[in-house]
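Let's take a quick tour of a protein model and pick out a few things worth looking at. Have the sequence and the 3D view handy as you read.

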Amino acid sequence: MRWPRSSRCGTRDGYIAHLRKGERPCDDCRRAYWRNGQGPDWAVLAKAYERALVRLSWRHREEFKALYADEVADAITAGESERRGGS
Ligand SMILES: [Zn+2]
C-alpha cells in the first residue's frame, strides 16, 4: 500500500521516501532526520558517497577506466618530478 505523502512527511521514513524518489527532502523531513538540529550523520553520508562512487564506476566502466588510467599516469609523473626535485 502506498502511503499518502502528507502522512509520512516530518518522519525519518518520509526523509527516506523523498531520497528514493530522487526528491530533495522537505524541511519537515530534514528536521526529523536531523533529530532537531543535531545535523546529518556525516559518517553515514560519507559511506553512502563512497558506495555511490563505486556504483557509478560500474555503471560507466569504460569512462572510469580511462579516468583511472589518467590519474595513475598523473600520480606517477608527479612522483617522478618530486623525486627529481628532492635529490
Ligand atoms: Zn517530506
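**A quick briefing**

Reading from the N terminus, the elements of this protein go α-α-α-α-α. In other words, there are five helices and zero strands. Keep in mind that the model is predicted.

**How confident is the prediction?**

- The average pLDDT for the protein is 86, and 89% of the residues score at least 70.
- Compare the elements and you'll find that helix H1 (residues 5-8) has the lowest mean pLDDT, at 66.
- At the other end is H4, with the highest mean pLDDT, at 94.

**Helix H4**

- Helix H4 covers residues 42-59, so at 1.5 Å a residue its 18 residues should span 26 Å.

**Ser 57, a residue in H4**

- Ser 57 is part of helix H4.
- Ser 57 and Tyr 68 are eleven residues apart along the chain, and their C-alpha atoms are separated by 9.9 Å.

**The loop between H3 and H4**

- Arg 35 sits in the loop between helix H3 (27-33) and H4.
- Arg 35 has 11 C-beta neighbours inside 10 Å, so it counts as exposed; the cut-off for that label is 12 or fewer.
- Which distance separates Arg 35 from Arg 12 in space? From C-alpha to C-alpha it is 9.1 Å, with the two residues 23 apart in sequence.
- Pro 40 also belongs to the loop between H3 and H4.
- Pro 40 counts as exposed too, because it has 11 C-beta neighbours inside 10 Å.
- If you skip the neighbours within four places in sequence, Pro 40 is in contact with Trp 34 and Leu 45.
- Pro 40 and Arg 30 are ten residues apart along the chain, with 8.6 Å between their C-alpha atoms.

Definitions and conventions. Residues are numbered from 1 along each chain as its sequence is written. This is a predicted model: local features need pLDDT of at least 70, side-chain atom pairs count only at pLDDT 80 or more; totals for chains, interfaces and linings use all residues. Helices (H or I, at least four residues) and strands (E, at least two) are DSSP runs, numbered from the N terminus. The expected span of a helix is 1.5 Å times one less than its number of residues. A residue is buried if 20 or more other C-beta atoms lie within 10 Å of its own, exposed if 12 or fewer, and partly exposed in between; C-beta atoms are placed from the backbone. pLDDT is the predictor's confidence in each residue, from 0 to 100. Two residues are in contact if their C-beta atoms, placed from the backbone, lie within 7 Å.
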